[in-house]
Amino acid sequence: MSPFLLTRTLPEDAVEADLRADVLHGLTRTPKELPPKWFYDARGSELFEEITRLPEYYPTRAEREILIARASEIAAATGARTLVELGSGSSEKTRHLIDALLPGLENYVPVDVSESALRGAAEALNAERPGLMVHALVADFTRGLALPGTPGPRLVAFLGGTIGNLLPEERRLFLRSARSLLSPGDALLLGTDLVKEERTLIAAYDDAAGVTAEFNKNVLSVLARELGADVDPGDFDHVAVWDRDNEWIEMRLRAREALTVKIRELDLAVSFAAGEELRTEVSAKFRQEGVRAELASCGLELARWWTDGEGRFALSLATAV
């Protein structure tokens with residue numbers, strides 16, 4: 001069994017500092033907003049795993065379908081000896097890709113801000129695939145990334161449709177950063193949720209069982225625990241809306257009545273009017289021509305495009321121009 005390596009480039013106090021900065025900025029602006037990364041404490045991660053199994057939530061199943069069907073084509077097209085996964089989490093879906101890339105794959109580099117998630121995934125992969133070298137990075141890929149010395153060709157994967165959580169300018173910066181990681185012969189594998197009928201999209205983010213509502217409100221529990229906020233999730237309603245102009249879903253929390261939230265650790269009092277909304281997530285949906293254009297603007301050329309059988313989700317393979 002090969003030992004795995006774990007490298008931390010994210011300072012130990014970076015998460016706490018980022019939370020403070022995001023809350024101070026996001027709750028004192030108009031309209032109020034928080035980035036979706038603060039959903040994912042231990043409870044939030046459990047809730048999201050539950051969401052992925054809901055009948056209304058198609059993206060995880062659709063992406064897995066593509067990976068199972070097309071992993072051998074991706075392996076043949078890239079010949080990757082190193083797989084880098086950004087925002088890897090548990091690395092569960094990636095196993096289909098890893099298996100297709102073996103035996104030529106020598107290194108797997110999962111990147112995530114959660115050391116516990118990385119350790120769990122690395123230990124499991126180390127036991128299941130002892131010939132694979134796993135070098136986990138505790139890092140925030142949105143801040144730029146320095147990869148360890150690994151053999152090419154490299155395949156950099158960003159799955160789950162997570163790129164949709166970035167606003168257009170943030171996507172541009174991310175894609176430029178991803179482009180900087182690629183040498184000749186390397187490739188980027190990108191997962192994108194596709195534009196479809198509004199009712200399907202709304203249902204995926206406002207399920208009948210209320211799991212997504214609980215997930216959305218979990219950010220308030222994070223504020224209470226980490227920053228001493230005297231906030232009651234029951235004072236807010238979960239809202240999911242489709243923005244036709246921007247072609248993205250927004251998740252929001254709507255105050256049921258006028259209230260003030262005091263955040264002890266920031267010495268901050270935040271007032272909400274009755275019906276006022278706090279945006280907690282943007283989830284952009286894409287079209288092939290739009291993905292092609294965004295990639296091209298950052299020095300990447302769309303080489304392959306795969307969708308699931310119902311055309312709900314896409315994986316694209318891009319190379320550096």
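Hi everyone, and thanks for coming. The structure holds 2 cavities of 30 Å³ or more. Please keep in mind that this is a predicted model.

Let's begin with the largest cavity, which has a volume of about 50 Å³. Which residues line the largest cavity? They are Leu27, Leu220, Leu223, Val231, Phe236, Val261, Phe272 and Leu278. By class, that lining has 8 nonpolar residues, with no polar and no charged ones.

Now for the second largest cavity, with a volume of about 40 Å³. Around it you'll find Ile163, Leu175, Leu190, Thr192, Phe286, Val291 and Glu294. Here the classes come out as 5 nonpolar, 1 polar and 1 charged. Which elements each supply at least two residues of this lining? Strand β7, at 187–193, does, and so does helix α9, at 288–297.

Let me turn to a pair of helices. Helix α1 covers residues 14–26 and helix α8 covers residues 211–227; their axes come within 12 Å and cross at roughly 120°. That angle makes α1 oblique to α8. As for handedness, the crossing of α1 and α8 is left-handed.

Who makes the contact? From α1 come Leu19, Arg20 and Val23, and from α8 come Val222, Leu223, Glu226 and Leu227. Sorted by class, the contact has 5 nonpolar residues, 2 charged and no polar.

Notes:
Residues numbered from 1 in each chain as written. Predicted model: local features only at pLDDT ≥ 70, side-chain atom pairs only at ≥ 80, totals over all residues. Heavy atoms only, no water. Axes fitted to C-alpha atoms, helices over the stretch in contact; angles between N-to-C directions. Helix = DSSP H or I, 4+ residues; strand = E, 2+ residues; numbered from the N terminus. Parallel < 35°, antiparallel > 145°, perpendicular 65-115°, else oblique. Left-handed = near helix turned anticlockwise from the far one by under 90°. Contact = heavy atoms within 4.5 Å. Nonpolar A, V, L, I, M, F, W, Y, C, P; charged D, E, K, R; others polar. 1 Å grid on protein atoms, 1.4 Å probe; cavity = no way out; pocket = protein on both sides within 12 Å on 5 of 7 lines; lining within 4 Å. Points joined across faces, edges and corners; volume = space filled by probe spheres on them.
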